[in-house]
Structures are given as structure tokens and as C-alpha cells.
Number of protein chains: 2
Amino acid sequence: MRGHRFRGARARRRVGPGEWAVRARVERFGEPALLLLLSERPAHGYDLLEQLPELTGERRIDMGNLYRVLRALEEDGIVTSAWRDDAPGPSKRIYELTDEGRRLLGGWADALRANQGLVSSFLDRYEKGGDHVPRT
Amino acid sequence: MRGHRFRGARARRRVGPGEWAVRARVERFGEPALLLLLSERPAHGYDLLEQLPELTGERRIDMGNLYRVLRALEEDGIVTSAWRDDAPGPSKRIYELTDEGRRLLGGWADALRANQGLVSSFLDRYEKGGDHVPRT
DNA sequence: CCCTCTACATGTAAATCACACATGTTCGGA
DNA sequence: TCCGAACATGTGTGATTTACATGTAGAGGG
């Protein structure tokens, strides 16, 4: 019977009585991850699919969304694509980063550094607080 | 004339030809920020509204969402609230962190530390890449 | 009485995300 | 030769979160 399990993009979910599993992720982190991979070398969707988990920390990447993101990036001039039939296997759409894409990746790096600072402050303030997690 | 400006939760937006403004934020970062403030001392919504920007780096906090989050937290037993009429001015709903809330804050801290590691790896890999942002 | 500030709250559209499902190709083994 | 697994590219859809607009009501000053 479908539809009876965990659904949606919840960042916090109950895993027991008074127990919560929390996930802290940067919004749209898939985009800079994609850009970084493409800055290293052109690749096709399925290829990226296999390289992404190491960067994002996710176990599995959603293919559907990956292809949608790639198309959106192309619409915005961040990447370009071309079909490749010469390689063995099904034909692939190879994506490549544009100069604009490289600038965007630089922007992401700046923004991520800024966020690292913010979260560091948060954690420092938390740790200074003392009297923390009570026993379950 | 309403409805003609930038709307929505976009993390990236065009600010010029080939120029993008990027924001890197942790998903639902408002929640741990709220929990940290409440772990320091009980407070009412409007009070939190004024303390949050320092923690989150946002200029202004959306009141509507703040109160929605607070109610959701109360539903889940993370905070409790009580009305206060004795203080001058409009009566306030004072929020206080529960033990479960303290555990959740601990969970957020762990998750945020994990994410810091992930983003650090990303930035290291980016910086190792050399040949970066081309001139505009 | 009227206006502003404080305080709490709802309505709604856009963006993102998780999950399910559709479609075709290539290749190795039974 | 047929079958299934892995490769490769997508579409459909509802849940969640966010940004912004708007609504309600009491307190306090002039």
C-alpha cells in the first residue's frame, strides 16, 4: 500500500517519543555542487548523478530534479549542452560550464563562506551557553 | 502598482546581464535560531523578532512566518507558551523551551557541525581548482 | 476621539523538493 | 534469441517552506 511512509521535504522528523532527526542543508546546494563538478570537466546527467553524492552528502540524488535543474541552468545561460552519439551506450547530453557559470560558481563560493561564518557564530554561542541537552 | 517586483523564495536572482546575486542559507535556519534564543531566556514573539536578525544574518524577519513556526513548535512539544498581562503594553504570549526542545537544539547543533564539514570540503575543492571567475 | 506603536495572526503565490512513473538504448548471460 | 540489468533522459504531482501582503486588537499619547 503506497502513500503511508515518510513524504515531503521535512528538515525535522520524529524518530521516537521526544526524539527528532534533524538535517541541516544549505538551500539549493545541488546547484553549486553541479557547477563545481562541471567546472572540473564537462559531463552528462547520469555521470553527474554518480559524482554528486560525495559533494552533497546525500545518499541518492533525484534524477528527475537533476535534469530539471540542468535545463533551468541552460535556460539561464549558466551551462550549454550538446548531444554526443560517438561514445558507446545511449546518446548523452553533455553539459559544459559557461563563463557566466564560472562567475556564478564564484558567487556561490563567496556566499557559502559567508554562511560558514554565520553558522560558526551560532555554534560558538550555543557552546558558550552551557547546561545543554538533558538526558532522554 | 503592486505585483511588479521580485517575489518568492529564490536563492539566486539576476541583478544585471550575466550577474547573479546568490544567497547561501541553511534550510529552516530560523528554527535553531529561535531555539537558541529561547534556550538563553523565555521570550515573546515580538521580542524574538528583534533578536533574530543578529543570529540569522537577515535584515528583517517575517512576522507571519515567525508566529507560524512558534505555533508549530508548540504543537510538537518543543516549546510551551503562556499569556502575560502583567507587563505594560499589549498582552504577550511568552514562549519557553521544553526539555525536548533542548534536545532538539542539540540535534540542530550536531547537524550544523556536520554541514559545516561538508561545505568546508566543497570550498577546499573549489579553491584547489585554480582558474576561476573570469572577468565580467 | 484619533492616531501610532506594539503584538499576534491569517492568506496566498512562488520556489524547492521528494517520490513515483514513463521511455528508449545497450549489453551480457541463460 | 529473449530477458533483465544498467545506462540515460525525462514528466507528473503533492508537500513543504518562504516572501510578502493584509487583518485584528489593545495601549498610550495628544
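**Close-up views of a predicted two-chain model**

**View 1. Sheet of chain B in the predicted model.** B:Ala82 faces B:Ile94 of S5(B) as its opposite residue. The model is a predicted one. S4(B) and strand S5 (residues 92-97) of chain B run antiparallel and are joined by six bridges. These strands belong to an open sheet of three strands, ordered S3-S5-S4 (chain B) and paired in the antiparallel sense. Strand S3 (43-44) and strand S4 (79-84) of chain B are the edge strands, and each of them pairs on one side only.

**View 2. Sheet of chain A.** In chain A an open sheet is formed by three strands in the order S3-S5-S4, with antiparallel pairing. Strand S3 (43-44) and strand S4 (79-84) of chain A each have a single partner strand and stand at the edges, so one side of each lacks a neighbour in the sheet. The antiparallel pairing of S4(A) with strand S5 (residues 92-97) of chain A extends over six bridges. Within this pairing, A:Leu97 in S5(A) lies opposite A:Val79.

**View 3. Hairpin of S1(A) and S2(A).** S1(A) and S2(A) run antiparallel and are connected by four bridges. One residue pair in this arrangement is A:Arg14 with its bridge partner A:Trp20 in S2(A). Two residues separate the strands of the hairpin, and A:Gly18 in the turn has a positive phi of about 75°.

**View 4. Salt bridge between A:Arg25 and A:Glu58.** The closest N and O atoms of the salt bridge formed by A:Arg25 and A:Glu58 are 3.3 Å apart. This pair links distant parts of the chain, its residues being 33 residues apart. A:Arg25 is located in the loop between S2 and H1 of chain A, whereas A:Glu58 is located in the loop between H2 and helix H3 (63-75) of chain A. Over all chains, the whole structure contains 24 salt bridges.

**View 5. Relation of the two chains.**

**View 6. Extent of the interface between chain A and chain B.** Chain A and chain B each give 55 residues to the contact. Of the interface residues of chain A, 100% are also interface residues in chain B, so the copies meet through the same surface. About 5,400 Å² is buried between chain A and chain B, with carbon and sulfur atoms giving 61% of this area.

**View 7. Polar and charged pairs across the interface, and the elements of chain A.** Between chain A and chain B there are 14 salt bridges across the interface. One of the salt bridges in the model joins the side chains of A:Glu127 and B:Arg113 (2.3 Å, N to O). Residue pairs in polar contact across the interface number 22. The elements giving two or more residues to the side of chain A that touches chain B include strand S1 (12-16), strand S2 (19-22), helix H1 (30-40), helix H2 (45-56) and helix H4 (99-128) of chain A. H4(A) supplies the largest share of this side, 23 residues. By class, the side of chain A that touches chain B comprises 26 nonpolar, nine polar and 20 charged residues.

Note on methods
Residues are numbered from 1 along each chain as its sequence is written. Chains are lettered from A and ligands numbered from 1 in the order in which they are written. This is a predicted model: local features need pLDDT of at least 70, side-chain atom pairs count only at pLDDT 80 or more; totals for chains, interfaces and linings use all residues. Side-chain values use heavy atoms; hydrogens and water are left out. Contact means heavy atoms within 4.5 Å. Buried area is the accessible area (1.4 Å probe) that two parts lose on being put together, summed over both. A salt bridge is a side-chain nitrogen of Lys or Arg within 4 Å of a carboxyl oxygen of Asp or Glu. A polar contact is a pair of N or O atoms within 3.5 Å; within protein, one must be able to donate a hydrogen and the other to accept it, and residues adjacent in sequence count only if both atoms are side-chain atoms. Ala, Val, Leu, Ile, Met, Phe, Trp, Tyr, Cys and Pro count as nonpolar, Asp, Glu, Lys and Arg as charged, and the others, Gly among them, as polar. Two strands pair if DSSP finds at least two bridges between them.
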